[in-house]
Structure formats: structure tokens, C-alpha cells
Amino acid sequence: MELLIHFPSLPQGATLEQVKDDLAGLLEDDGFLLGSGPHHIDIDLLGEDDNKNPKYGILTVKHYLQQAGFDKATTIELAGTPVGIFE
């Protein structure tokens, strides 16, 4: 299952490489990074095909984005449906 993170800007003092490293470390058992751009990060969450429940990866990503201080306009997109990180 692919999860896309769309963000208008990075938190103050953060770099894209730092955020990607943080997410890679947090998701080592629940997914892996596919790619990124100036305002998005693509993640492949391990799902039912991998005998894992993707909700743990989703919750991990949302919690990280909230705690890292991402803008409230930041969304995560699953199956083409964007959802705010504070929803």
C-alpha cells in the first residue's frame, strides 16, 4: 500500500534528508521509502500481502509528522484520498 505525504514546507530547522532518515528508521518493520520531492515523500507500507497490518505504519507516520512540527496543511494520501495529519 502506497502512502504519500504532501507538505507545504518542512518544519523549521529540518532537512528533507533528515526527515527521510527519521521515517526510514521508524518504518523499518512497517514499510520503506520509495522516493521524494521538494513537497512530498512516497512510502510503501507493508500490508496484507506481506502479512502485516498497514495501520501501524499509517499511525507511525501521522504521529511523527505531528510531533516533528509539520504544517497543519500537511496531508497523507492513501488510495487517492488525502487526509490531514491532525484528522
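From the N terminus on, the elements of the predicted chain follow the order β-α-β-β-α-β-β, with 2 helices and 5 strands in the chain. Helices (H or I, at least four residues) and strands (E, at least two) are DSSP runs numbered from the N terminus. The radius of gyration, taken over C-alpha atoms, is 12 Å, close to the 12 Å that the globule rule gives for 87 residues, so the chain is as compact as a globular protein of that length. The rule itself is 2.2 Å times the number of residues to the power 0.38. Along the principal axes, the C-alpha atoms fill a box of roughly 35 × 25 × 20 Å.

The model is predicted: local features need pLDDT of at least 70, side-chain atom pairs count only at pLDDT 80 or more, and totals for chains, interfaces and linings use all residues. Residues are numbered from 1 along each chain as its sequence is written, and side-chain values use heavy atoms, with hydrogens and water left out.

Of the 87 residues in the chain, 36% are buried; buried denotes under 20% relative accessible area, exposed over 50%, and partly exposed the range in between (1.4 Å probe, protein chains only). Contact denotes heavy atoms within 4.5 Å. Among contacts with a separation of 6 or more, 50% come from residues 24 or more positions apart.

Helix H1 (residues 16-26) and helix H2 (residues 55-68) have axes that come within 10 Å and cross at roughly 145°. Axes are lines fitted to C-alpha atoms, for helices over the stretch in contact, and angles run from 0 to 180 degrees between N-to-C directions. H1 contributes Val 19, Asp 22, Leu 23 and Leu 26 to the contact, and H2 contributes Thr 60, Val 61 and Tyr 64. By class, the contact holds 5 nonpolar, 1 polar and 1 charged residues. Here Ala, Val, Leu, Ile, Met, Phe, Trp, Tyr, Cys and Pro count as nonpolar, Asp, Glu, Lys and Arg as charged, and the others, Gly among them, as polar.

The largest nonpolar core has 16 residues, and those with the most contacts inside it are Leu 3, Ile 5, Leu 23, Ile 43, Val 61, Leu 65 and Ile 76. Such a core is a set of buried Ala, Val, Leu, Ile, Met, Phe, Trp, Tyr and Cys residues joined through side-chain atoms within 4.5 Å. Strand E1 (2-6), H1, strand E3 (40-45) and H2 each give two or more residues to this core; H2 gives the most, with 4 residues. Beyond four places in sequence, Leu 65 touches Ile 5, Phe 70, Thr 74, Ile 76 and Ile 85.

Thr 74 is found in the loop between H2 and E4 and counts as buried at 0% relative accessibility. Apart from neighbours within four places in sequence, the contacts of Thr 74 are Ile 5, His 6, Phe 7, Pro 8, Leu 65, Val 83, Gly 84 and Ile 85. Thr 75 lies in strand E4 (residues 75-78) and is also buried, with a relative accessible area of 19%. With residues up to four places away in sequence not counted, Thr 75 touches Leu 4, Ile 5, His 6, Pro 82, Val 83, Gly 84 and Ile 85.

Ala 79 is placed in the loop between E4 and strand E5 (81-84). Ala 79 is exposed, with a relative accessible area of 80%, and has a phi near 50°, a positive value in a residue other than glycine. Most residues other than glycine have a negative phi.
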